Amino acid sequence: MNQVTQMPSSCTSAVSAPQPAFPLDRWWVAGFAWELGDKPLARTLLGRPMVLFRRPDGRVAALEDRCCHKELPLSCGTLEDRGLRCGYHGMLFDSEGACIEIPGQDRIPAKACVRAYPLRERDKILWVWVGSTPDSLPTEEPPPYPWHADARYRFGGDSFHYNTPYQLIHDNLLDLSHLGYVHLKTIGGNPSVHMNAKLEVKQQGDVVSVIRHMPASAPPPTYVAAWPFKGLIDRWQEVEFHVSHLLIWTGAMDAGTGNIDDPLREGFHLRGFHGITPETESTCHYFWTMATNPHPDKPDVTQVVVDQTAATFHEDKTVIEAQWNNQRRFPDRSQVDIHVDVGPNRARRVIDRLLKTA
Amino acid sequence: MNQVTQMPSSCTSAVSAPQPAFPLDRWWVAGFAWELGDKPLARTLLGRPMVLFRRPDGRVAALEDRCCHKELPLSCGTLEDRGLRCGYHGMLFDSEGACIEIPGQDRIPAKACVRAYPLRERDKILWVWVGSTPDSLPTEEPPPYPWHADARYRFGGDSFHYNTPYQLIHDNLLDLSHLGYVHLKTIGGNPSVHMNAKLEVKQQGDVVSVIRHMPASAPPPTYVAAWPFKGLIDRWQEVEFHVSHLLIWTGAMDAGTGNIDDPLREGFHLRGFHGITPETESTCHYFWTMATNPHPDKPDVTQVVVDQTAATFHEDKTVIEAQWNNQRRFPDRSQVDIHVDVGPNRARRVIDRLLKTA
Amino acid sequence: MNQVTQMPSSCTSAVSAPQPAFPLDRWWVAGFAWELGDKPLARTLLGRPMVLFRRPDGRVAALEDRCCHKELPLSCGTLEDRGLRCGYHGMLFDSEGACIEIPGQDRIPAKACVRAYPLRERDKILWVWVGSTPDSLPTEEPPPYPWHADARYRFGGDSFHYNTPYQLIHDNLLDLSHLGYVHLKTIGGNPSVHMNAKLEVKQQGDVVSVIRHMPASAPPPTYVAAWPFKGLIDRWQEVEFHVSHLLIWTGAMDAGTGNIDDPLREGFHLRGFHGITPETESTCHYFWTMATNPHPDKPDVTQVVVDQTAATFHEDKTVIEAQWNNQRRFPDRSQVDIHVDVGPNRARRVIDRLLKTA
């Protein structure tokens, strides 16, 4: 693993402003591989304004988005073979944040550097490490995500920006009972089927799983469009929460044609990757892909599924941002829990515990 | 009078955030009957975010605009026979704020409720009661407004939103001397006529009246368009301030053809209803109607009058919002009073006294 | 010099809100002569909201932009022979801020006045004096600017608004090394020429001069468009910083054809006037003109030069506003100085000293 070059403390210290509390000592999703082209990308992650870029040799890097001279964002600069050149006075920084050229000046002061953040590209996903202290460095590689390269699947995705705290998206994804009210026109279907599905919540360490089975239920519009079901379906939703991302496996078989507990079961299904990374205390990024197994008779189903997923997530965004705006209008009010909150509450307790022990 | 069902204190308590001071123990205008259709209406009144709706049986209701589960605004939900269903997880609330269904869960916790506000519909006007304490409940019905149903009149109106504190609109309406400068093109006319009109200010309890007579004056453009005056007119403006609304009777006769002190006098005239309800400390709603007696030769005069009134109020809105923005640029500066301020100052003293004794 | 009429202290006192620190005891640029037409002009200068206007007799005036009655901005009013009439109730104010008419009221209270600010028009530039105390009044006229009336020159200009503190524009203009990175397409040219130019910084009292000579360099696009150079050029940039404005003389001769230290040297050149006046602590006005000596073969060069200057300043505005936004994202972080900062740092020390001794 490539280590960050040793820097003066001015370049490794945390930003000076007080930071919201996030569980920082882990890999978080910074975006997708295809977002880094011939221009640097400005993105604030975990309260840190960063510039992400890919050098001509293909390696990716993340720096604090601030030239140490006059503080222009480095994302206003230009990419060169050796690194990123500032757009104001042309200072050139390498991937480790060291200034390697000051036009018109021979000596480069030791302080002329910016903080670099470890950034990895794995299975088309970019992962960044911030760390709660300068000593907190990655001890292992970010997790693999095999479905992006699995020949049986096709996938698409997008990067969304939400004006809500990131945990409200956890709540939403860990409680798919809302599908019947929020997503009637796409993946929803009959509300009472969703609200009465058999629900199982499990936890292993910091991983919370919510499993819902809806046997012999009517297929919702997206499913009908994507697969030639014969009638009722045995439908499943398996949500696996990790602190920095969720894996959601949903799908269905013609009712009675398979074992819904078989991990190798076939039928129409979707593998969702959901990287949810705080931008600030009250805003976040939602990096998602949806992979599906196209039916031989419906080769174009992937685009249909991705388009409908995007539409679905826009419905969620509308609801969650309305929810957040309303929570701010009613500060310090308590909520009444109902049966669907078991999974979301577990995830919140995981993060609460990580913050307390940090 | 239908009472609000007894609720747990969590549902009757005031919102938790500190509230600006309004004289709450009275009916305030919440809107007009025709605004409640097949969708719930979100409106913040007196600092309280509310959802207003009409049930299929015709009855109207107002609830706190916040589902007690995950805090989505209830105004994002849908109307049903029995009440309002939240758009996130489908909890159903009746007109009294009680949750009467939690999809997928049999037991409804006692805390599952939202605050209801007494709402009345009378003579096409919606009136809401907030109350300064949970014990403050209406002791009488809201006032009638006969002109909306009087066969001699036709009326129209609208709901405006102002980015100004509500009392600046009182100031404006209790001092119609501004007509000569702000409304030159519509109801204004010669400024000096307005500034030199005979002015009488009276007070009875919390009701302040400002009466201005402009005998033998030139008719302004709106009057000429609306009525076949023969030449100069005897014109009157009678403004009656109540804490929650103003009644303004303006009109004119051909000069010398009637007694301007006769309460039954005819001629062209306008009955204005002006419900001015704080939204927040610095914003408000302005609910107005204008009723007029169409001249037989000018049956379409009502629409002309309403359109010109709307144009006039937009002129006022521009001036008052500019005034308010400027007051914020110059905080804590004192104003120099002139002769026209007698009426507005009386009204301000009424509200000051109500706030002190509250 | 016309003195401000003696006013009650309520009309000469500073605005009540705490003011940011500016060196006030001097003339600052308020705009250009041609900006004052038949309507009053609202402009906040040095933290003071003002209305600027020209009376029908041609004289210019500046008043606090707030009617002393109900606080409508006077800039919403109308110009008359005797002064400025408020657009709400018609109070009329003269150029010295005295109320000289209250419609409908004979007596004018002594307090009915607004603060007036000395305003001068000289060589097409408007200069305003705020003063750090009520006793601070101009002791001399604002400086002349002869190039606006010099028959050898043609000029054009504009008033820009920047969402940045004013000193960031000083930094920018006192360090023209940025031309090679920010203004590649217009006045820039080869970056290394700029970064390696011979630099001389001088100071005389509060005036800081930065002189850069670039002998035998390639002419940038704007120069080529404006003048028939034969090849390489001897190019100069002479920047003279005064606290309230900068004078910038730039130009070039065919290489080797003249003495670059001769103050009467000819060749293509530009005389820039840059009035930079704080609006608030974090925003400012940038009033600029660019005068040039058109080549006989290129009579239309002035418009080309002014258009390209405007384009250049828009490039600067983009960079400087991005810089400022970023500085706010990284509060309290120190900057690393490089060789080009000598001039800007001198200017900052001048202003720091003026604020300390104020």
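UniProt positions are given here in the numbering used for this model, with feature names shortened, and such annotations may be inferred rather than shown by experiment. With that in mind, the unreviewed UniProt entry assigns "domain: Rieske" to residues 27–128 of chain A. The end C-alpha atoms of this span lie 5 Å apart, and the span is 0% helix and 43% strand (helices, H or I of at least four residues, and strands, E of at least two, are DSSP runs numbered from the N terminus).

The model is predicted: local features need pLDDT of at least 70 and side-chain atom pairs count only at pLDDT 80 or more, while totals for chains, interfaces and linings use all residues. Residues are numbered from 1 along each chain as its sequence is written, chains are lettered from A and ligands numbered from 1 in the order in which they are written, and side-chain values use heavy atoms, with hydrogens and water left out.

Turning to the interface of chains A and C, 29 residues of chain A are in contact with 29 residues of chain C (heavy atoms within 4.5 Å). The two chains bury about 2,500 Å² between them, 54% of it on carbon and sulfur atoms (accessible area, 1.4 Å probe, lost on being put together and summed over both parts). K70(A), E71(A) and Y88(A) supply 27% of the area that chain A buries against chain C, more than any other three residues. Three salt bridges cross this interface (a side-chain nitrogen of Lys or Arg within 4 Å of a carboxyl oxygen of Asp or Glu). One of them joins E64(A) to R333(C), with the closest N and O atoms 2.6 Å apart.

At the interface of chains B and A, 29 residues of chain B are in contact with 29 residues of chain A. Here the buried area is about 2,500 Å², with carbon and sulfur atoms giving 53%.
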